[in-house]
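Hello,

Here is the structure for your files. Notes on what was found follow below.

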Amino acid sequence: MAGSNQGRATQDVRYEPDERPPLPIAAGLGVQYALICLASIVLTPTVMITVAGGSDAYLSWAVSAALVISGVTTAIQARSVGRIGAGYILVMGSTSAFLAVSVSALEQGGPGMLALLIIASSLIQFVLASRMALLRRIFTPTVAGVVLMLIPVTLAPLILRKLAEVPAGASPAAAPVVAGVTLAVLVLVPLRFSGALRLWAPALGIAAGSLVAGLGFGIYDLSPVAEAAWIGLPDLAYPGLDLSFRPEFWALLPSFVMVTLVGAMDTLGDAIAIQRVSWRRPRAIDFRSIQGAISADGVGNLLSGLAGTVPNTTYGMSIAVAELTGVASRAIGMCVGVVFVAFAFLPKFLALIIAIPGPVVAAYFVIIVALIFVFGIKILLQEGLDYRNGIVVGVAFWLGIAFQLDWIYPESFQGAWGELLGNGMTVGGLTVILLTVFGMGGRRARLKTRLSHDTWPEVDAFLVKFAARNGWDEDMETRLRAVGEETLHILTREKAQEAGDTPEAGDAQRNLLVIARGDGPSADLEFIATTDEKNIEDQLAMLSEAAAGIPVEAETPLRLLRHYASSIRHQQYHDIDILTVRVESAGQMARDF
């Protein structure tokens, strides 16, 4: 049954998040995580500032600030601060998704306007985290998938510029050969090898390209590395904030909001994945942890804006390392944060990375944008591409490309409108949201009431009326009523047990919203109430286990709910529970079987 997490196999996890490994293991893995992610953190602001023609002092400041912020937010993700942080190893680092819009902001308004745009867009993540349950139907994985697929389109001009970035007088073969060697290593290593070597493919590709650039063509200028100190502070080139709110700011803000939304969706996916690999006995997804991860992402973007550097996001590489090593202890995340901060004060090492030739960086980002595009496709496929979603995705993606490349009446969109509609991510994202909202216009029945033991007659009458309105037979009506009764029984019973084992104690000030939607011969029911500590998906999975910790009297409602529902999904957010149950007629279930 979907959503019940049956058949869970014990995973090979050596250290769970709450367990502490020996210090040598924690420190060693912390350094490994940091080294794997370091190039991405440093190269992203480097590309942004060099392409936009920024000063060396600003580049030094932005790179060091990115490292410090990545370290702080990685530690926050590992060791939650209140409701901020996932409580898992989620390495944070600079995100290339912001490259195109950040370069536009630097070219049109300078570092001060870029900083203000990042700060303004970071507020979206705090809103999304706090209202995640309410906004779940608007800010969907489909939006994230389309915008991710459009990111390579917007980054293509920047990559082409870096690809040809070689010193004057260099051999004509320098750029293509160096880029080709880098790309070959980046592609062939992960295709041929697996395990730890695959994780080091980005570093191996950059190292191979840099060696060819330096030894073969002499285009790797190491003089800044020789002049840099081993230990020191970055140049104090704080850009400040441009509070003039020029038209360029308002034209670029929607693009920043769209990319911020994509970052939040990326964090959502990473937060789900790290939960799945961090426990010996897999658990139902804890959406409260996801809210914490997105809030920490917002803190990282807010700090990035205040510091005037490129925003950051979670890195999926940390999930692969956790799965590979079987070590998911929060102590590792704290060590990674310390290592990142330490590297910010090692100028010689940073100069070595900043000086990497343009063709090497371009080849590296070719792989990055290719993976971003594929990740967007994966999100869409996981969400399901029926004919409705297919129309939405196809139209949004095509319009995004068309407006990005000025194919649609460019003479009609000038000035602020030209800036707004000239970004494919903005157009594609807005198109998906508008079409999704329009597609939500189907008929739904809603019941808002108080959650208590006395509520059942009201809910039962609501479900009977809903079944009659959809013309369903007696069997389907019985299934709906049974699901409603057992769900209500579970919700009220659990709250009563927490409040003192009396029904009256558990009934205090709990509200319930029931949303019912017909889908042909099937029905989707949502029960939305104040939060409860126990996840029903986990309890359903325990029914199949010999050592179940559920009392016998508690099993009956769970077994009946599992019998009548075709799928059950329990999403736990801060202060709110959403239990989504799909009910199918006996005939439909037989056809599915």
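Buried means under 20% relative accessible area, exposed means over 50%, and partly exposed is in between (1.4 Å probe, protein chains only). By that cut-off, 53% of the 593 residues in the protein chain are buried.

This is a predicted model, in which local features need pLDDT of at least 70, side-chain atom pairs count only at pLDDT 80 or more, and totals for chains, interfaces and linings use all residues. Residues are numbered from 1 along each chain as its sequence is written, and side-chain values use heavy atoms, with hydrogens and water left out.

Overall picture. The protein chain has 23 helices and 7 strands. These are DSSP runs numbered from the N terminus: helices are H or I with at least four residues, strands are E with at least two. Of the contacts (heavy atoms within 4.5 Å) with a separation of 6 or more, 81% join residues 24 or more positions apart. The chain exposes about 25,400 Å², and carbon and sulfur atoms supply 62% of that. Areas come from the Shrake-Rupley method with a 1.4 Å probe; for residues, only the protein chains shown count as cover.

The sheet. Five strands form an open sheet in the order β3-β4-β5-β7-β6, with antiparallel pairing. Two strands pair if DSSP finds at least two bridges between them. β3 (444-450) and β6 (567-573) are at the edges; each has a single partner strand, so one side of each lacks a neighbour in the sheet. The twist averages 15 degrees from one strand to the next. Axes are lines fitted to C-alpha atoms, for helices over the stretch in contact, with angles from 0 to 180 degrees between N-to-C directions. β5 (522-529) and β7 (576-584) pair over 8 bridges in the antiparallel sense. Here Asp524 stands opposite Arg582 of β7. Helix α18 (456-469) packs on the sheet and touches β3, β4 (511-519) and β5. Its direction makes about 175 degrees with that of β3.

Two loop residues. Leu346 sits between α12 (330-343) and α13 (347-354). Its relative accessibility is 27%, so Leu346 counts as partly exposed. Leaving aside neighbours within four places in sequence, Leu346 contacts Trp230 and Ile231. Its C-alpha is 8.0 Å from that of Leu233, 113 residues away along the chain.

Tyr238 lies in the loop between α8 (223-227) and α9 (247-277). Tyr238 is partly exposed, at 44% relative accessible area. Tyr238 is also one of the residues in a nonpolar surface patch of about 740 Å², with Trp250 and Phe245 among the others.

Regards

Conventions:
Patch = residues over 30% accessible without salt bridge, like charges linked within 9 Å, V, L, I, M, F, W, Y side chains within 5 Å. Salt bridge = Lys/Arg side-chain N within 4 Å of Asp/Glu carboxyl O.
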